[in-house]
Amino acid sequence: MKIFQISLLLITILFVQSCNGEEESVEKKDETEEPKDDFPSEGAVKVEVIEEGGIARIYRNGKPYFIKGAAYNNFISEVPKYGGNSIRTYGVSDETLAVLDSALENEITVCLGIWINRETDGFDYEDEGARAEQKERIRQEVIQFVDHPAVLMWGIGNEVDSRYTNYKVWDFIGEISDMIHELDPNHPTTTVLAGADPVDVEEIIDRAPSLDILSINSYNAIATVQEKIYGAGWTNKPYLVTEWGPSGTWGSVSQTPWGGIFELTSTEKGEIYRNVYTDHIASNYSNNCGGSYVFLWGYQTHGAVATWYGLFTRKKKPLEAAHAMYYNWKGSFPANRAPRIESSDDITLNGKIAEENITLSVGIKNTASVKALDLEGDQLTYDWQIVPEGIVLERDDPSEGSLPGLNVFVDNSTKTAEFTMQKRGEYRLYAFVYDTEGNAASAVIPFLVE
């Protein structure tokens, strides 16, 4: 029986990897080529939900469309190179048309986010005037992009259930879904929940019945998503996992006594991205899972820890997590893999590992070391950076390193590096390791300076 289950899972994964047609080329497409039927230069492409054999599937242009998607932040042109076929946005802005056009150029689709004001941010769903104003704003956003050929579906709101109390938000989202269906007969609607609380799902089924797809952001509890939404009655429509990755920084993650969060190496994160996709996304293809949007494509520009989720460095160098997604989406690893830092124990500061809660003194020289390997035997180079805890990465930061770090190193380009801290505070020590093919690995130690 176990052998049969494993074989069935492998067949499912292979089908998911191939159900969108031939594998995308890693090379940029020839710009002289005519647009494919699925990506005309103008006009909407029909997307619909069709039930077959008791399973709800997403179809695009008459073909099954399993979403191999990325929650978009940067590097959109890399998505198809890694085998992805879609990106997800969170709201309409001055950049939306450029994003849609770029997606079209790269022949990927967009789950176009429509921002819904949240109760946790101060919006009152008892206020009829505020609701009407918001609805009109959304109407104009939909009209603006309804016929763009890159649009896949409308994502109505992101985590409006976050610390909310008024179920009328689901009535409003139902109204928006109804309105979008009147304006746009070609694209389905979804809304995105922060987790899979069965009560929320039941309220959505009752109050917003025209939603075509249910979307869930889930990290720590992703193993329970399918069971919870099925148990709540969402059984005859597709669902998506619209954010997923390593356990969230807000969860039960280990920390230093001063609150510095211990972070996995890039290699350890890559294993999580592979395992989660196999165990909880691809394996649920026959349970109405229509695919997912991995978090986060590119690099982070916000968050408690600036490097927690990014699949690339700030300098566009792929980490093991990006190569894990290449494997998930294409069925094999790229020809040249990212360097490996197998364990958090492979980075040390003054001979200590992160879990030893390292405290340093101002003005005293310190030594950092990292152990890395390359599967192809490529020569490795190093880039050490130290940043204050809670740093936010700016898109236009001019610094040349992997992070806009402090100038404290004697030489930050060697396997073992020395530095002296000049100011008290909470910091993170990063080791970035690069091979000759432009791939990267990283490891981190939080430390305190007294």
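Visitor: In which loop does Asn 288 lie?
Guide: This is a predicted model, in which local features need pLDDT of at least 70, side-chain atom pairs count only at pLDDT 80 or more, and totals for chains, interfaces and linings use all residues. Residues are numbered from 1 along each chain as its sequence is written, and side-chain values use heavy atoms, with hydrogens and water left out. Helices (H or I, at least four residues) and strands (E, at least two) are DSSP runs, numbered from the N terminus. Asn 288 sits in the loop between helix H8 (266–280) and E11.

Visitor: Is Asn 288 buried or exposed?
Guide: The phi of Asn 288 is positive, near 75 degrees, in a residue other than glycine. For burial, the cut-offs are under 20% relative accessible area for buried, over 50% for exposed, and partly exposed in between (1.4 Å probe, protein chains only). Asn 288 has 1% relative accessibility, so it counts as buried.

Visitor: What is the relative accessibility of Glu 159?
Guide: Glu 159 lies in the loop between strand E7 (151–158) and helix H5 (168–183). Its phi is positive, about 55 degrees, although Glu 159 is not a glycine. Glu 159 counts as buried, with a relative accessibility of 18%.

Visitor: Which residue does a cis peptide bond join to Phe 295?
Guide: The omega of this bond is about 15 degrees.

Visitor: Which strands stand at the edges of the open sheet of three strands?
Guide: The order of the sheet is E1-E2-E3, with antiparallel pairing; two strands pair if DSSP finds at least two bridges between them. Each edge strand has a single partner strand, so one side of each is left without a neighbour in the sheet. These are strand E1 (47–52) and strand E3 (63–64).

Visitor: Which residue in E2 is the bridge partner of Ile 50?
Guide: E1 and strand E2 (residues 55–60) pair in the antiparallel sense over six bridges. In E2, Ile 50 has as its bridge partner Arg 57.
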